[in-house]
Amino acid sequence: ILQLTTNNLSVSGTFTNSAGTFDANGLTTTVTGLTTVSAGEYQAKTATQTFNGGLTISGGTFTGSSGAVDVNGTLTVSSGTLTAPSGTFTVSGNWSKTGGTFTPGSNTVTFDATDTDNTLTLGSASFYNLEFNGYGGLWTLKDTLDVDNNLTITNGTLAAGSYAINIG
């Protein structure tokens, strides 16, 4: 286990967890480059985890816990497990789930990009609450969207094309 104990972590390049456990332990982590969990476990715990280069889960487990997760870029799940935090969960880019497991919990995932080239590949994942709140943002579905509770479009546009949107 690699556990933060005293200071927040700031990484100016990429961050990869390829074995073992990374425990943020109630401290913030900010990564400028891509963050990848390819094996092992990333435990976000109670503080804000900011991924300015995107977040990729290609094996292993990312557990959001009760803190906030802010993905400023593409979120990719190709294998492994992504468990959403019970705190704030924002994504400012594409969502691409082609494998693995996404556990939404009972929170809201907010897409807050302001650009017009965002895609949502959901791979049969469902959200509990989903919000689009990026002034000028455009998100294009690449498959069916399932929302178990509430879908909110505050700012931006959701383009469904020929794909269904199922709301609980």
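Of the 168 residues of the protein chain, 43% count as buried, where buried means under 20% relative accessible area with a 1.4 Å probe, counting protein chains only. This is a predicted model, in which local features need pLDDT of at least 70, side-chain atom pairs count only at pLDDT 80 or more, and totals for chains, interfaces and linings use all residues. Residues are numbered from 1 along each chain as its sequence is written, and side-chain values use heavy atoms, leaving out hydrogens and water.

Let's start with the whole chain. The protein chain has zero helices and 21 strands; helices (H or I, at least four residues) and strands (E, at least two) are DSSP runs numbered from the N terminus. Its radius of gyration is close to what the globule rule gives for 168 residues, so the protein chain is as compact as a globular protein of that length. The rule is 2.2 Å times the number of residues to the power 0.38, and the radius is taken over C-alpha atoms.

| Property of the protein chain | Value |
|---|---|
| Radius of gyration | 15 Å |
| Globule rule for 168 residues | 15 Å |

Strands β17, β19 and β21 form an open sheet in the order β17-β19-β21, with parallel pairing; two strands pair if DSSP finds at least two bridges between them. β17 (126-127) and β21 (165-167) are at the edges with a single partner strand each, so one side of each has no neighbour in the sheet. Two bridges join β17 to β19 (residues 145-147) in the parallel sense, and F127 has V147 in β19 as its bridge partner.

Note on methods:
Buried < 20%, exposed > 50% of the residue type's maximum accessible area, 1.4 Å probe, protein only.
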